Amino acid sequence: MIATIEKLLTDTLANIEQVGTLDQLKELEVDVLGRKGQLTEILKGIKDLSPEEKGTVGKRSNEIKVQIMQSIHDRSILLTQQAIEAQVQNEKIDVTERIKSKHIASYHPVTLVEKELCELATEMGFSVVDGPEVESEWFNFDALNIPATHPARDLQDTFFIKGMDDEQRKLLLRTQTSSVQVRAMQDFKPPFAIVAPGRVYRNEDLDASHEAMFNQFEGMMIGENISIAHMKSVLNEILSRLFKKDIKTRLRPSFYPFVEPGVEMDIECSLCKGKGCSVCKHSGWVTFVGCGMVHANVLEAGGIDPEKHSGFAFGFGTTRLAMMRYGIDDIRYLNTPNVHFLKQFKK
């Protein structure tokens, strides 16, 4: 019996070396070591051996089984490596090859809206400016007449950056593009008019109309004898050009620390046409623009004399505007990685 299992070992090791695929290797393993395999069938005769022969044959058969299993394992690793290398060779990408697709990429709907707004604003005499998303407390709060006791400075409301400070203040992810206002006043002399599109961050409860990260569009005009009538005229002009039709609006008194007086401009919900839906919270109106006359303290923080100059400022969410513009009923869709959704907005 020893001679029989030794011959099985020799033949099996030779066959393992000849196997070319993992499937063939598995079949060989079952044929030799399986419940009905060759080694199992040979060892069925061990019951007829003497006690001494049983010990010798049993010990050797276990050694042979281990040797065959190790050989199968080694061959399996080699075949796997060969299969991976072959796949890599077949899947090589020529990065110099010309892309045949006519549509390489497309703009995000918020980008489309911001691009159009910037074009409208520049046609009306505004300059497009930018500011950092990682901002200091001073530009984001103090300079905008928002005191240290304001609840917006709480950690649960604002994303402060741990361990990061400028010379005197903590750093945070800006909560509004209004932080660009004072930077613009420091860089430009009146009269001037600027707009500032950009991304902002707030600790919001997520729902169909709120996200923790969204985009805003800020505007400001500073000069002599600027009034709230100028502000209303400019906003109505921007909205009518943007939506390419007359938009029903309303003004409501509101409080913003950086403007006085402050108002909110609501627009009729374009999704429900004023009837009420989840986006407008069933009111028929969407609060679209926060605006007002720039507070004297903000003008002074920007180095402008409030006795000589006045101005208005406004800000609204371009993320929400994109929803209204394209009939999107859930703000969370705009941050989705779903390419099929985003491809709808090719331009």
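In this predicted model, Phe316 touches Leu117, Asn215, Gln216, Phe217, Phe288, Val289 and Leu321, when residues up to four places away in sequence are not counted, a contact being defined as heavy atoms within 4.5 Å. Phe316 also belongs to the largest nonpolar core, which has 45 residues, and with Leu117, Phe217, Val289, Phe312, Phe314 and Leu321 it is among those that touch the most other members. Such a core is a set of buried Ala, Val, Leu, Ile, Met, Phe, Trp, Tyr and Cys residues joined through side-chain atoms within 4.5 Å, where buried stands for under 20% relative accessible area, calculated with a 1.4 Å probe on protein chains only. Two or more residues are given to this core by each of H5, S5, S6, H8, S8, S9, S10 and H10, helices (H or I, at least four residues) and strands (E, at least two) being DSSP runs numbered from the N terminus. Another core, of 25 residues, lies apart from it and includes Leu172, Phe258, Val298 and Ile304.

Residues are numbered from 1 along each chain as its sequence is written. As the model is predicted, local features need pLDDT of at least 70 and side-chain atom pairs count only at pLDDT 80 or more, whereas totals for chains, interfaces and linings use all residues, and side-chain values use heavy atoms, with hydrogens and water left out.

Seven strands form an open sheet of mixed pairing, in the order S1-S5-S6-S10-S9-S8-S7, two strands being paired if DSSP finds at least two bridges between them. Strand S1 (127-128) and strand S7 (249-254) each have a single partner strand, so that one side of each is left without a neighbour in the sheet. Strands S5 (residues 192-201) and S6 (residues 213-223) run antiparallel and are joined by 10 bridges, and Pro197 has Phe217 of S6 as its bridge partner.

In helix H10, the buried residues are Thr318, Thr319, Leu321, Ala322, Met323 and Met324, and their cover includes H5, S6, helix H8 (228-243), strand S8 (259-268), strand S9 (285-294) and S10. Gly327, which follows H10, has a positive phi near 70°. Asp330 is placed in the loop between helix H10 (318-326) and helix H11 (339-342), and is buried, with a relative accessible area of 13%. Its side chain makes a polar contact with the side chain of Arg332 at 2.8 Å, a polar contact being a pair of N or O atoms within 3.5 Å, of which, within protein, one must be able to donate a hydrogen and the other to accept it, while residues adjacent in sequence count only if both atoms are side-chain atoms. Leaving aside neighbours within four places in sequence, Asp330 is in contact with Asp207, Ala208 and Met323.

Notes:
Buried < 20%, exposed > 50% of the residue type's maximum accessible area, 1.4 Å probe, protein only.
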